[in-house]
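Work through the exercises below with the structure open beside you. Try each task before you read its solution.

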Amino acid sequence: MRYAVRHTTTYTYDAPVSDSLGVAHLVPRSLPWQRVSSYDVTVTPTPGDRTADVDYYGNHVTYFQVTEPHERLVVEGAGEVDVAAPVVPPAPLAAPWETLRPLLVPGAPRAWAATDLALPSAQVDHPAGAVEYAARSLTARRPVGEAVTDLMHRVHADFDYDKTATTVTSTVEHTFERRAGVCQDFAHLMLACLRSHGLAARYVSGYLATQPPPGKPRLVGADASHAWVEVWLGEHDGADTWLALDPTNDQAVGDRHVTVAWGRDYGDVPPLKGVIYTEAKRSTMQVSVDVAPLPPDPDPTGDPS
Amino acid sequence: MTVLREYAAGVTQPTLDGAGGGPVRYDEVVGPDGALRTSWKGMAELAVALTPADLRRVDDDIVRALADDGVTYSRPGERAGAWRLDPLPVVIDAAQWAPLEVGLAQRAELLNAVLADLYGPQRLLADGVLPSAVVHGHPGFVRVVARSSTHDPRPLVLSATDLGRDDRGEWRVLADRAQAPSGLGYAMENRRVLSRVMPELYREAGLHRMEPFFSALRSALLQSAPGDLADPRVVVLSPGSQSETAYDQAFIASALGFPLVQGSDLVVREGWVQMRVFGRLERVDVILRRVDATWSDPLELRGDSQLGVAGLVEATRRGRVRVVNGLGAGVLENPALLPYLPAICERLLGEELRLPSLPTWWCGDADGLEHVLDHLDTLQVRRVDGAAVDLSGLRRDTLVAMLVAEPHRFVGQQRLPLSQSPTWENGRSVPRPLTLRTFTLRYGSAYRPLVGGLASLVEDGLSIGSKDVWVLKGDPVVPDQGLAEVLPMTNTRASTGTVPRILEDMFWFGRYAERAEDLLRLVLAVHAQADDYRNRPRSTGAAGLEVLLGAITRLAGPGLRAAGDLDAEFRSVLLDARRVGSVSHALDGLRSALAGVRDQLSLDVWRAFGTTDRAAQVLESGSVHHSHQVAESAGRMLTGILSLQGVTASMIRDPGWRMIGVGRYLERSLQVVHLLAATTTVRRGLDVDREVLNSVLAATESAVTHRRRYRGSVRPGGVLELLLTDRDNPRSLGFSLAQVAEHLAALPASTGSTRPERVVADLVAELAETDIATLVAIGGESRPNLEVFLARCVTQLTRIADGVAEVHLTTGPAPRPLAALVTSLEAVPS
């Protein structure tokens, strides 16, 4: 599927800001199942300084600094993405989950790299509740694909989608208590469940197609940035293999998910964060995300699988 | 018996009750045969002759010298306390030092290579030489620095290594400090003091002086600048004067001649780090940081940090500023690295690791965990992130559960007995264990350890004091530090008294010093009056004294007069730091202002506090409350404060000095106006008024002039003329305002028409037009014109102070997270 993506964040202040520095994760990754074209980040007012770089996890990251006084800051990421559903071959999915714990098998191929995503992170600690909850899915010798899919089903069934239950800084424990949250909370919860049993898993930040294809239901999390998880399935044919699951929608990630960036948790890949210098007392923020389907690529030679 | 003989007898004779009590320790001074160790042989004659009386004197001298230099150290959350230095140094001879030196140089080379790999290709992890979880599980691994776009070939410039001896006297590495190592300043200060108080021993020893190492450090920092700059700017970034090692930071900055700055003094523009200098921005090329990486950049690291510089990480990634040590260096402080260093050394340097580390087992490794669990009674369990979590009080099963749940977060370490050394306590030397902090510098193409160090005396894991470390020369012709070619440092005073924060501290330096001085003079005058009255009670004395005490209350806030105990009130005005406006309060404010600009000032300023502190102590501790002790102590405190005038007199006439002048004369203006308002606006009869005016003249140092000019006839008109309009009397309002105007005009941000300048000019003009005869005019019991005039002066002076703050002392708003002000819905990914 081809999409035109536009993600706009607008801050408005009640007094001038003399200086804004920002870091944005807004440009989607290029992946075997995802092609990104004519993508750009626009900042208004025009920054006096900006750079594009690739971070520790291989994500595109934009740094900018606006030094002209402004009462309104607009940061927009927009472009085209052509995405197919990622395909995971059956063999990796069949491995018993216990064989995929990097800390216990540090010598396994690429386990050293996956280790980073098997450890607790700033926003994903491993409360006892997570260990206990996940144990019912991660039973002995169960094939990893089946085990983690079961975990996803249960998270979807046991936790309510509720925008009022959460903030960007909610903890895993908080989500367990409230039995409710949004996509970010479900992703963090899944990560805590998986990692506390030794599996490696990463937080993925991205988008969902806004309008459903004919005959399909509209998915939760469109019109905003979305989040899901990827579970490490070990190294196969010289590359890491991952299974991408969206607990918010209880389904495997498909051709309606646009992958922007991944890391240990939300804190590694927020779409936009920054520092401002101002005497302003209040500000408002508006976010809009639009992922509109486009007709198929007129030049199919570059079509991804 | 001399001190060392008694000590030697004590440590070599097995004691009856203590047999088998503590661990067997290597003694730094006395060998197993009871004789002095070889390193002490050259000094034996002098050292052995030291009597308890000698050491008591030396110890007193040390305490006094450290207080005079204002050397402090504070544990987290505690008020800064005095730095402690033991009279006897740790002495290491050339033969013992040589292998240590080679080992330390190799270790720094190795640690640098480890950093370059972990933030680059990560071969150590990919090849399994170092477990990935050791690195990825440690908070010192800074991912925003670990990008392929970043390349810092020499992330480690100055490292510190802590060592301890085992029972055979072999040195073992206890820990590496790579983030922002502290202690060089303390080491240098220890040397300075000890060489002064034990000159004979110092001369006899033939030891390596430390100065060339500082020259080498200075030149290494200058050479760290990116690119090929003719005149790079280096700054020392401090977390502030509240930091536990604030003294050390200021000492380094001052010794190297680089400005000591805080995060708020710096900004990033177009990827360059800039320092705010009088509204201009000047580029900074090298930052010697004493702020931990986590706190260094609110944009990409901890967002709530006010200690860092937003954009600093980006500036370093682009190679536009060099941070020393690199922001990622904290990963080296992980004790879980220690068991892997021998293999890493083989891999990266192709050599055997020379300095053995303290035997350490990482619990993230299955065998390591098993070993630790099997030896829980003998090993010390520590967290890899260095968090100060006391694990010793935990129940065994709790500890085991913690280790099993998150093994990668813990190490078990063998307990080292540590060596012991004679330590002066309560009139004798007793054996105390010690650790040695060493420093290693990248100088040119190689790493060079400081030939010397800082020894810490430890008790229950905490430092209870320090010792100087004397490394002896094998041959007198060997150059100090083995560095013959280093040029001596020139121009070692930081020349930039310039960022707004520094100007602010200078302003308050001036104000608090003046406030303390004026109040002390007033207390002395009033105390004399009180004594007089107590000895010869007269009808007028009581009324006059009442007025003068009222003046003190006006200036120093309400006190203890209700108690009716005059001396209690005087003591409170002098000593009660909680009484806003007391002398002690002003001294605290002064001390805190000076601490922020320590690197800018001569060490002599701290001598002033040595004097005032001792005077305060005498008054505080006086078991018998003799009234004359108040005057005695106040007099001494005044002497201390006045010595600050000597310091400012020999300062460079830069904006910092100007700002001290603005503060001082503004405060003096306020003080004289308040004093006059409290004493001269109400009429109380000729005799009472005369008593009061005499004290006012005494308190303002104007009695002699007045007597000469008015031949003993004390009238309000004459006093007011002398203290308000006389521009030749340095205590008058007119003189002070002229000084404020002059200093203000010389400040770079002044234009001639800034608000404070205009208000000063207005007030000067108003004063010039004022007729003293009109002011003293009587209306009933009071002098209404004078009352109105003085009140107006206070208002205008306050406006001047506000204007100065607005024009010269503002740094602009503090950085805040982008989302901090958002009051509407937050953008939660959904």
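## Exercise 1: a sheet in chain B

Start from one pair: Leu237(B) has Val261(B) in E7(B) as its bridge partner. This is a predicted model, in which local features need pLDDT of at least 70, side-chain atom pairs count only at pLDDT 80 or more, and totals for chains, interfaces and linings use all residues. Residues are numbered from 1 along each chain as its sequence is written, with chains lettered from A and ligands numbered from 1 in the order in which they are written.

Solution. 
- Step 1. Strand E6 (residues 234–238) of chain B pairs with E7(B) in the parallel sense, over three bridges. Strands (E, at least two residues) and helices (H or I, at least four) are DSSP runs, numbered from the N terminus. Two strands pair if DSSP finds at least two bridges between them.
- Step 2. The open sheet has four strands in the order E7-E6-E11-E12 (chain B), with parallel pairing.
- Step 3. From one strand to the next, the twist averages 35 degrees.
- Step 4. Helix H10 (residues 246–256) of chain B packs on the sheet and touches E6 and E7 of chain B. Its direction makes about 175 degrees with that of E6(B). Axes are lines fitted to C-alpha atoms, for helices over the stretch in contact; angles run from 0 to 180 degrees between N-to-C directions.

## Exercise 2: where the chains meet

Task: describe the contact of chain A with chain B.

Solution. 
- Step 1. Count the residues: 47 come from chain A and 40 from chain B. Contact requires C-beta atoms, placed from the backbone, within 7 Å.
- Step 2. Which element gives the most on the side of chain A? E13(A) does, with six residues.
- Step 3. Follow E13(A) across. It pairs with strand E21 (residues 815–817) of chain B in the antiparallel sense, over three bridges. Val275(A) stands opposite Pro817(B) in E21(B).

## Exercise 3: two domains

Task: how is chain A divided?

Solution. 
- Step 1. Domain 1 covers 2–83 + 269–297, and domain 2 covers 90–267. These bounds come from an automatic or database domain assignment.
- Step 2. The centres of domain 1 and domain 2 of chain A, taken over C-alpha atoms, are separated by 25 Å.
- Step 3. The contact takes 22 residues from domain 1 of chain A and 20 residues from domain 2 of chain A.

Methods:
Contact = placed C-beta atoms within 7 Å.
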